[in-house]
Amino acid sequence: MPGSCEAAITLTGDLHARPAGSLAVMAAKFQSMVELAVGANTANAKSVLAVMGLGATRGQHITVRADGPDAAEAVTALIGILAEATPVGG
Amino acid sequence: MSDEARVGIVLVSHSAALAEGTAEVAGQIGGGSVVIAAAGGTDDGGIGTSIARVRQAVQCAEAGAGVVILPDLGSSVLTVRALLAEEDFPGPVALADAPFVEGAVAATVTAAAGGDVKAVLRAAEEARHARKL
């Protein structure tokens, strides 16, 4: 059943290249459209370059939205990766 | 999907250091499940391109799902085209018209997620439109 799902998290670290890569790899495994939103900016979560282009930093509130047959699983998986984003390196 | 072979990436540059460094960055961002083969420099290690090095890199990157090649500039494209004209590889081999670093990163991420040659090629070529700022 197609559906939509949304959840938000406050970043504990900057969304550097490496976590952006992990996010995009995970997002691309789902059929659903998956989008990240930080303030007024949005990015296709399946595009690593778009995710990096968000320039999201520690303390910012980031929303994950998915729309499609596996929307809930996609949001859960991406929130999990965002929760692990670290303030060091990457 | 995770048990299936991944599309391999070949980076063709005039400089061995540039090809290897770009492979290193893309590998870190893509999580390490994709073969990224660097084919930089001439046969004697100078600045230029080598058809032998590109051939070897394509063979190395072929894991059963095909290969996407990213050239840096000018004669890198000609070298890849010359190789593809003279040799038949077992799987699909595609040449991407993409920015080198961004294309390598985007292609690697899509390959790591299990995308096919067409999807990896598209990801590399779409990198042209990604804004950094």
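This report describes chain A as a whole and then the sheet of chain B with its helices.

The structure is a predicted model, in which local features need pLDDT of at least 70, side-chain atom pairs count only at pLDDT 80 or more, and totals for chains, interfaces and linings use all residues. Residues are numbered from 1 along each chain as its sequence is written, while chains are lettered from A and ligands numbered from 1 in the order in which they are written.

Chain A contains three helices and four strands, where helices (H or I, at least four residues) and strands (E, at least two) are DSSP runs numbered from the N terminus. Along the sequence, the pattern of chain A is β-α-β-β-α-β-α. Of its 90 residues, 40% count as buried, that is, with 20 or more other C-beta atoms within 10 Å of their own, C-beta atoms being placed from the backbone.

In chain B, four strands form an open sheet of order 2-1-3-4 with parallel pairing; two strands pair if DSSP finds at least two bridges between them. Strand 2 (36–40) and strand 4 (93–95) of chain B are at the edges with a single partner strand each, so one side of each has no neighbour in the sheet. Three bridges link strand 3 (residues 67–71) of chain B to strand 4 of chain B, and Val67(B) has Val93(B) as its bridge partner in strand 4.

Contact means C-beta atoms, placed from the backbone, within 7 Å.

| Helix of chain B | Strands of chain B | Angle |
|---|---|---|
| Helix 5 (residues 117–126) | touches strand 3 and strand 4 | about 20° with strand 3 |
| Helix 1 (residues 16–30) | lies across strand 1 (8–13) and strand 2 | about 165° to strand 2 |

Conventions
Two residues are in contact if their C-beta atoms, placed from the backbone, lie within 7 Å. Axes are lines fitted to C-alpha atoms, for helices over the stretch in contact, and angles run from 0 to 180 degrees between N-to-C directions. A residue is buried if 20 or more other C-beta atoms lie within 10 Å of its own, exposed if 12 or fewer, and partly exposed in between; C-beta atoms are placed from the backbone.
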